[in-house]
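Please look over the model shown here before reading on. The report covers selected residues, helix packing and the nonpolar core.

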Amino acid sequence: MPLQFAADVSTAETDYGTVLLDQRSGRYWELNPTGTLVVKALLRGAEEKDAVEALVAEFEIEREQAARDVAALVETLRDSGLVAV
């Protein structure tokens, strides 16, 4: 399912990944390069399975681990209210 940040979430890319600011709570979240790759793919409309394949292609990671990591990141983003459901 494609991802979209909530209207009150700001993003900024850094040398180390991406920083997210939840303007409602004032909390910052930091995505490492792996998380940034996943989020960028999902924001472009890719499905989670496509983000898994992107991780496998870019990093030395097993497909099963990549699938768990993508699912965990998406769940965390949803649970924190950072993405529109």
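## Q65 in α3

Q65 sits in helix α3. This is a predicted model. Q65 has a relative accessibility of 32%, so Q65 counts as partly exposed. The cut-offs explain the class: buried means under 20%, and exposed means over 50%.

Q65 and V19 are 46 residues apart in sequence. Their C-alpha atoms lie 24 Å apart in space.

## L37 in α1

L37 belongs to helix α1. Its relative accessibility is 26%, so L37 too counts as partly exposed. L37 is in contact with A54, L55, E58 and F59, leaving aside neighbours within four places in sequence. One of these partners, L55, is a buried residue of α2.

L37 and G26 are 11 residues apart along the chain. Their C-alpha atoms are separated by 24 Å.

## Two faces of α2

Helix α2 covers residues 48-58. Its residues A51, V52 and L55 are buried. Seen down the helix axis, the buried residues of α2 fall within an arc of 105°, so they line one face. Which helices do the buried residues of α2 pack against? They pack against α1 (33-43) and α3 (63-79).

The face turned away from the buried side of α2 carries K49 and A57. Both of these residues are exposed.

## How α1 meets α3

The axes of α1 and α3 are 11 Å apart. The two helices pack at an angle of about 75°. That angle makes α1 roughly perpendicular to α3.

On the α1 side, the contact involves G35, V38, V39 and L42. On the α3 side, V70, L73, V74 and L77 meet them. By class, this contact has 7 nonpolar residues, 1 polar residue and no charged residues.

## The nonpolar core

The largest nonpolar core holds 21 residues. Which of them touch the most other members? They are L20, V38, V39, V70 and L77. The elements that give two or more residues to this core are α1, α2 and α3. The largest share, 5 residues, comes from α3. In soluble globular proteins, nonpolar side chains tend to be buried together.

V39 shows the contacts of one core member in detail. Not counting residues up to four places away in sequence, V39 touches L3, F5, L31, L73 and L77.

Definitions and conventions. Residues are numbered from 1 along each chain as its sequence is written. This is a predicted model: local features need pLDDT of at least 70, side-chain atom pairs count only at pLDDT 80 or more; totals for chains, interfaces and linings use all residues. Side-chain values use heavy atoms; hydrogens and water are left out. Buried means under 20% relative accessible area, exposed over 50%, partly exposed in between (1.4 Å probe, protein chains only). Helices (H or I, at least four residues) and strands (E, at least two) are DSSP runs, numbered from the N terminus. The arc is that of the directions from the helix axis to the C-beta atoms. Contact means heavy atoms within 4.5 Å. A nonpolar core is a set of buried Ala, Val, Leu, Ile, Met, Phe, Trp, Tyr and Cys residues joined through side-chain atoms within 4.5 Å. Axes are lines fitted to C-alpha atoms, for helices over the stretch in contact, and angles run from 0 to 180 degrees between N-to-C directions. Angles under 35 degrees count as roughly parallel, over 145 as roughly antiparallel, 65 to 115 as roughly perpendicular and the rest as oblique. Ala, Val, Leu, Ile, Met, Phe, Trp, Tyr, Cys and Pro count as nonpolar, Asp, Glu, Lys and Arg as charged, and the others, Gly among them, as polar.
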